Amino acid sequence: MRKTQVRGLALCAAVAVSLSLTACGARGAGVSGGDDGTFTIKFSHVVTPETPKGKAAEKFKEVVEKNSGGRIKVQIYPNSELYGDKDELQALQSNSVQMLAPASAKFTTIAPELQVLDLPFLFDSVEDIPKVASPETQAGKAIYANKALAGKKIKPLGLWDNGLKQLSSNSEMRKPADVAGHSFRIQPSDVLDSQFKKWGASATPMAFSEVYNALQQGVVDGQENPYSNIESQNMHTVQKHITESNHGYVGYVLVINTDFFNKLPKDLQDTVVKAADEASTFNRQVAAQINEEAKQTILKSGKTKITKLSDAERQAFKDAVVPSVWREYEDVIGKEIIGELLKEQGQ
Ligand code: LMR
């Protein structure tokens with residue numbers, strides 16, 4: 001059993017007792033409070049508490065509970081224990097949970113423009129991330145002003161990092177031809193589907209909570225994720241190779257149910273916004289370090305060989321998808337934004 005599954009069962013039991021639910025996953029709608037002047041935010045996410053998202057969620061809870069003088073309580077449900085990829089956005093819209101931080105790719109059906117953050121090789125290194133994925137950048141402003149999100153009563157409060165994605169599988173991957181013919185799990189994003197197709201591989205969208213089993217059972221050959229997600233889900237124990245490709249980004253949009261937010265008294269709205277800002281700053285301070293530590297844990301486990309690409313090898317992966325995949329999604333993401341981003345790439 002995975003360590004996350006053990007933790008999951010323990011938490012299921014605790015959740016069931018504290019919320020008087022009969023089974024983990026029961027939908028506790030309408031308990032966001034307000035009648036006695038206190039409010040409860042249920043914050044659901046799909047990764048472990050030790051990851052950049054997990055830690056930032058805990059920071060948000062700590063700050064908002066302290067600064068609201070206890071008028072806001074935050075209950076965090078990590079690891080897809082209450083809701084997973086398939087139902088968490090629905091749960092947010094029905095106010096069964098009040099906050100989430102899904103990866104940009106998870107918004108593809110609701111707001112396909114957010115796939116801007118999924119474009120392959122958008123970043124060469126983690127230092128470049130804030131230049132594109134911050135509330136004050138063109139892409140960030142577009143996410144905050146996204147009409148489709150607003151229409152679904154989803155209000156962005158922050159942009160959080162995990163980090164850059166690496167490729168994992170059971171064979172060494174130094175060039176696109178090594179990836180070709182293999183199957184990879186992807187997040188549900190058309191951009192990611194195109195990326196793998198350009199490399200000659202096939203791609204299967206799948207919920208995050210299902211990836212470990214799919215790799216273990218050989219349903220797919222590989223997947224892409226930052227080190228922290230690979231290590232915390234024990235994926236490295238069922239993947240012989242990781243290519244340090246830094247070929248894409250996993251970033252999150254911290255969101256709150258708009259109706260819930262609007263019902264908060266003004267001072268508590270400010271408290272929530274400021275706590276989200278503080279958690280976002282904290283997230284950026286710790287994300288790279290958490291990924292580095294996860295990489296060291298993977299190396300020490302001796303289970304997976306990590307292959308570093310030379311600049312030329314990485315460039316070969318990049319040339320197969322940039323600018324072709326970027327241009328393919330111009331109409332979805334926005335011609336202007338793609339044009340700006342390509343200019344920054346010197347294209
Ligand atoms: C994935 O599905 O691979 C990631 O988006 C999970 C996460 O939230 O980091």
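The model is predicted: local features need pLDDT of at least 70, side-chain atom pairs count only at pLDDT 80 or more, and totals for chains, interfaces and linings use all residues. Residues are numbered from 1 along each chain as its sequence is written, and side-chain values use heavy atoms, with hydrogens and water left out.

Start with helix α2, residues 52–67. Helices are DSSP runs (H or I, at least four residues), numbered from the N terminus. α2 has 16 residues and spans 22 Å from first C-alpha to last, close to the 22 Å expected at 1.5 Å a residue. That expected span is 1.5 Å times one less than the number of residues. Just after α2, Gly69 takes a positive phi of about 60 degrees.

Now find helix α12, residues 266–301. The axes of α2 and α12 come within 8 Å and cross at roughly 150 degrees. Axes are lines fitted to C-alpha atoms over the stretch in contact, and angles run from 0 to 180 degrees between N-to-C directions. The two helices are therefore roughly antiparallel, a term for angles over 145 degrees.

Contact means heavy atoms within 4.5 Å. On α2, the contact residues include Pro52, Phe60 and Val64. On α12, they include Val272, Phe282 and Ile290. Pro52, Phe60 and Val64 are also among the buried residues of α2. Buried means under 20% relative accessible area (1.4 Å probe, protein chains only).

Last, look at Gln195 in helix α8, residues 190–198. Not counting residues up to four places away in sequence, Gln195 touches Pro120, Glu224, His247, Val321 and Val325.

Notes:
Angles under 35 degrees count as roughly parallel, over 145 as roughly antiparallel, 65 to 115 as roughly perpendicular and the rest as oblique. Buried means under 20% relative accessible area, exposed over 50%, partly exposed in between (1.4 Å probe, protein chains only).
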